[in-house]
Amino acid sequence: MKRFFRELSVLGALAAVLVGMAIFAPAFFSPQPLLSLLTREAPTLIVACGMACVIITRQIDISVGSMFSVCSVCAGLLAARGWPLLLVLPASVALGALLGAVNGLLVAGLRLPSIVVTLATMVTLRQGLNLVRQGEFVNLPDRVQWFGLSQMAGQLVLVGASVVFLVALALAMRHVAAGRFVYAVGTDAEAARLAGIRPQLVTFLVFIFIGALTGLAAMMNLAQSPQVQPLSGAGLELKVIAAVVVGGVAISGGRGNLWGAFTGLLLLACVSPALIHLHIEAYWEKAIQGAIILLAVVADGLRTRKLNR
Amino acid sequence: MSVSPDNKNPRDWKALLTRHEMLLLYVLIAEWLFFYFAGTTTNRRGVVVGFGTLDRQFDILRHSCEIGLLALALTPVIITAGIDLSIGSLLGLCAILFGKLWHDGGLPIPVAAGLTLALGALAGGLNAILITALRLPPLIVTLGTYSLFRGLAEAITHGAITYTDFPASFLFVGQERWLGLPTQAWIFLGVALGVGLLVHRTTFGRAFRTIGFSLEGARYAGLPVARRLALVYVLAGLIAAIAAVIYTARLGQAKADAGTGYELFAITAVVLGGTSIFGGSGTVHGTLLGVAAIAVLKNGLACLPVVMRMNAAEEMSGLLTGALLLLALTASVLPKILSRFRTPHHAPAP
Amino acid sequence: MSPAPLLALRQLVKNYGGVRALRGVDFDLQAGEVHALLGENGAGKSTLIKVITGAHQPNGGTLTLAGQRVANLTPSSARALGIACIYQQPALFPDLTVAENLALRLEATSASSRIDWPARRARAEQWLARLGAEISPEAEVRSLSMPEQQLVEIACALGAGARIVIMDEPTASLTQKEQRLLFAVVRDLRKNGVGVIYISHRLEEIFALADRVTVLRDGQSVGTHAVGDIDEAGLIRLMVGREVAQIYPAAESAPGRAVALSLQAVGCRASGVHNVSFEVRSGEIFGLGGLVGAGRTELARILFGLTPADSGEITLHGQRLTLRSPQAAVAHGIAYVPEDRRRHGVVLELPIAHNLTMAIHRRFFPTTWLRFAAERALALDFIRDLAVKCAGPDAPGGSLSGGNQQKVSLARWLATKPKLLILDEPTQGVDVGAKSEIHKIIRRLAKEGLAVILISSDLPEVIGMSDRIGVMGGGTLRAILPGGSAPHDVMAAALGTTERGAA
């Protein structure tokens with residue numbers, strides 16, 4: 001119990017928000033809008049899982065938004081060219097992995113700080129994309145929408161897939177040795193090395209992993225609308241980092257888990273509709289997001305201070 | 001490791017610049033010449049247009065003031081081995097606050113400007129408190145305020161309001177010239193001088209460097225570490241506010257998206273100029289060279305016919321700046337890595 | 001015919017640069033034996049351990065394991081051969097559970113191997129139960145107390161099937177109850193044929209637990225005895241050896257009358273220091289002796305404001321002080337030359353001149369404007385006064401040798417014209433020539449009226465340099481002896497015995 005206090009408190013906060021919504025804005029719980037919300041957030045969940053791993057290893061990746069855009073556009077173009085979805089999906093994942101590998105090489109290989117590296121790749125990718133596409137949309141063929149299923153079925157598939165992925169990854173992180181390596185490396189890379197782990201390799205792979213997940217998430221997003229906007233993915237990195245940090249993953253590495261990230265994501269996902277239902281303008285969303293990040297970090301900081309006294 | 005350049009004889013200017021900065025100077029000159037020849041043409045009426053005109057050069061100067069100010073603000077921060085991702089957003093927020101104070105608050109421009117500077121410093125103070133008092137990592141704190149400040153700007157303006165119709169006397173600051181140079185250039189030079197003196201000629205600058213090289217070492221020497229760190233973040237906020245006022249004067253309007261993406265350019269300018277991202281070493285004149293290099297790049301690209309045809313100036317400059325940052329970072333660590341391969345590993349001392 | 005020893009070291013030699021840390025050590029360990037290793041600081045104990053665990057390679061001599069000669073040991077090959085060491089600071093992952101930590105250390109780490117949590121938990125439970133430790137395998141290591149973490153470390157060693165377990169001052173932070181628990185564990189290990197090398201300076205433990213004891217002095221083993229064949233006095237004699245041949249600059253004048261520093265029952269719960277009371281007069285060199293872990297550096301940190309005291313009174317020249325930060329200490333005229341000169345004493349990347357003025361910004365640059373010429377002149381003065389061998393005031397601190405770095409570190413604090421100067425191991429790792437120079441400087445400072453606290457683990461140094469010697473142990477002051485006391489008495493006080501040997 002004590003061990004997961006942080007994650008449980010976020011769960012409590014989520015519960016409180018849900019209860020509040022139930023009282024003040026019960027319309028929130030009508031099935032169709034709720035399902036739409038979860039479907040919209042499904043790709044974000046996938047990326048959040050990857051981000052949790054990255055942050056646990058004591059790194060950060062703010063280029064996921066741009067990677068998402070690039071993968072979305074490329075996947076869209078391939079689909080528009082007639083590629084079957086079964087090929088587009090791995091292509092998107094592979095592209096994401098490749099982009100992630102660039103980050104990984106610079107951070108793990110050259111030991112550069114991940115914040116600056118991913119800042120650079122974020123802008124390079126985004127501007128490169130804008131240059132090539134000039135803001136043009138990609139029109140997707142009908143078969144891509146909801147994977148050719150009905151909207152309801154498609155939504156259920158996406159939500160279901162993301163939850164299945166979450167559970168599978170959480171299990172893998174707990175039961176496969178590689179999953180524990182990220183914790184060891186994030187806590188103390190030197191001690192990890194002495195225990196036989198290769199910290200640089202773990203770091204490199206973690207960036208590839210989040211890249212691949214971003215490619216997957218891009219595909220999941222593709223299936224939700226008839227066009228690909230080049231601006232899709234903007235702000236994704238902040239959303240995901242906020243979710244993960246709120247969910248108890250410490251920026252200093254070594255702590256936190258996927259369930260916390262999941263709960264944090266749900267909590268933040270409720271903010272936007274809560275604002276609407278409370279008749280607060282949507283423009284407060286970014287400010288609230290920033291405030292939530294700060295509150296979460298401050299809470300963690302105070303708790304660490306108390307522990308160290 | 002380069003020895004601190006602080007106390008070299010100012011008259012010996014060649015020795016003032018490290019090898020890195022000399023290299024940057026040559027690159028800057030080469031870059032400028034490239035754009036001069038590639039970006040200057042004579043139009044149908046026989047008038048010289050493009051990069052090579054004085055107007056254009058002054059434009060470059062104008063545009064580089066805001067990013068230059070942010071880069072100046074970031075230099076002490078990065079020297080202390082910290083980072084501030086929120087200055088671009090703070091620029092936007094301050095621009096909005098400035099507009100609001102003047103437009104809705106009815107305050108005269110100078111008062112509104114002064115108040116904005118104070119608010120900017122206060123916002124920097126938020127970063128400062130979280131980083132020094134609570135010992136939180138600057139990365140996540142400024143990531144949070146990056147979102148918070150921009151969000152506040154958007155919220156205050158409901159995403160739509162733009163403040164315009166500023167008096168001509170105010171626009172003079174951003175759009176006219178004074179004593180031969182664009183007005184804001186004088187402000188920029190003033191701030192550059194101030195920050196330069198602070199970093200290179202005062203005990204504050206010494207403290208920043210010491211903290212950047214060795215936080216514990218600074219503490220053991222009795223330096224007031226928390227106060228000095230707080231100073232760099234508050235100063236960054238103040239300078240971002242100055243940049244906001246200038247930005248508004250230049251564009252003639254205050255919008256919530258002011259300064260979006262500026263942090264990349266600022267960080268690139270600082271790193272390009274030779275300041276180590278790991279802290280301790282760095283110079284203000286290096287940053288100025290870096291700012292010049294980026295400003296010339298940005299504006300030079302807009303003058304190239306091929307870029308003009310594609311109408312892709314902003315994208316090209318962003319793309320190249322990102323690539324440039326990666327190159328600069330790689331170049332900065334390359335010597336360390338190469339030496340690790342050349343020299344055999346020594347056994348550690350007991 | 002006794003069986004081949006588990007571990008046998010013959011004439012082991014280890015040099016670091018110019019320093020001869022081990023000069024031909026002979027040592028052997030039998031299976032099922034607890035063999036204590038005793039020696040003062042700098043005698044070579046930690047170097048010996050590093051060689052045995054493969055962290056360092058010896059320059060000469062042989063190491064034999066169960067009759068087989070072993071060369072080129074590495075930490076992983078040592079572990080594979082069954083050698084485990086348990087340090088005072090457990091090297092565990094704080095955010096992982098006990099079971100996980102054990103697993104990381106014990107299991108072959110192949111990335112794709114499936115983790116069997118029930119097996120891990122069971123194994124952890126098994127080892128912990130054998131130790132009699134009431135620790136849940138699911139507990140986060142961060143939440144365990146230090147002694148509990150040590151027990152986890154021991155479990156790691158056991159789980160790895162170690163045949164040779166080295167324990168480095170294991171009881172330093174244990175309560176009585178936990179100590180008894182540990183002793184039971186050690187006896188259990190012995191019963192199972194494990195050889196234990198037990199490093200401790202608590203003589204009562206050695207007599208209670210060990211079968212044999214070897215004393216190291218100056219990098220050599222000076223005696224190995226069965227525990228029943230020797231007594232405390234004999235051990236101390238072996239540790240201390242012959243009298244000091246080195247000449248220290250003589251005290252030139254009696255210390256001034258005025259009391260500079262006065263401590264009354266000073267303590268800091270977090271660092272283990274308690275009930276420390278003594279006085280230092282102007283012009284006096286007050287030596288602070290004791291063995292590692294006695295609390296001397298912790299006391300210095302209290303006096304310098306790094307870890308504020310939570311009990312007692314500190315008075316400097318009659319003024320009661322509350323020292324909450326190094327700035328406050330410096331403002332009151334207290335200077336601290338720290339032990340770790342590379343990390344805390346000198347900023348290696350900055351020039352000597354900058355290091356020198358680092359503590360006097362306010363005084364030397366009153367308008368905060370830097371005055372380079374004056375700074376340079378000051379630096380040249382100090383370089384000359386202290387005979388610092390360097391390429392000039394602009395040379396970075398990292399370019400200096402250890403001894404010269406120490407001089408710069410010292411000079412920085414001398415520039416503050418302090419009222420109290422605390423020196424923490426000022427000649428550690430310094431060559432003989434610079435050592436002597438530093439000693440002369442310290443004497444000169446005392447003569448000029450400065451109150452000096454000299455923390456040193458070098459017994460001859462602390463005896464030869466001090467006017468009085470405060471001997472610390474276990475976080476408190478155990479005795480105050482006059483300068484020039486017999487090494488035997490100082491060691492006895494440090495060990496906390498009441499033995500008084502021949503002078």
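**Helices and contacts in a three-chain model**

Q: How do helix 8 of chain B and helix 11 of chain B run relative to each other, roughly parallel or roughly antiparallel?
A: Helix 8 and helix 11 of chain B are roughly antiparallel to each other. That label needs an angle over 145 degrees; under 35 is roughly parallel, 65 to 115 roughly perpendicular, and the rest oblique.

Q: What kind of model is this, and how is it numbered?
A: This is a predicted model: local features need pLDDT of at least 70, side-chain atom pairs count only at pLDDT 80 or more, and totals for chains, interfaces and linings use all residues. Residues are numbered from 1 along each chain as its sequence is written, while chains are lettered from A and ligands numbered from 1 in the order in which they are written.

Q: Back to that pair. At what angle do the axes cross?
A: Roughly 170°, and the axes come within 11 Å. Helix 8 covers residues 183–201 and helix 11 covers residues 225–251, both in chain B. Axes are lines fitted to C-alpha atoms, for helices over the stretch in contact, and angles run from 0 to 180 degrees between N-to-C directions. Helices (H or I, at least four residues) and strands (E, at least two) are DSSP runs, numbered from the N terminus.

Q: Which residues meet there?
A: From helix 8 of chain B come B:Gln184, B:Ile187 and B:Val191. They meet B:Ile239, B:Ile242, B:Ile246, B:Ala249 and B:Arg250 in helix 11 of chain B. Contact means C-beta atoms, placed from the backbone, within 7 Å.

Q: And by class?
A: 6 nonpolar, 1 polar and 1 charged. Ala, Val, Leu, Ile, Met, Phe, Trp, Tyr, Cys and Pro count as nonpolar; Asp, Glu, Lys and Arg as charged; the others, Gly among them, as polar.

Q: New topic. How many residues of chain A are in contact with chain B?
A: 39 residues of chain A, against 38 of chain B. Helix 12 of chain A gives the largest share of chain A's side, 13 residues. That side has 26 nonpolar, 9 polar and 4 charged residues.

Q: What about chain C with chain B?
A: That contact takes 26 residues from chain C and 25 from chain B. Helix 10 of chain C gives the most to the chain C side, with 3 residues.

Q: How many helices and strands does chain C have?
A: Chain C has 18 helices and 20 strands. Its C-alpha atoms fill a box of roughly 70 × 55 × 45 Å, taken along the principal axes.

Key:
Two residues are in contact if their C-beta atoms, placed from the backbone, lie within 7 Å.
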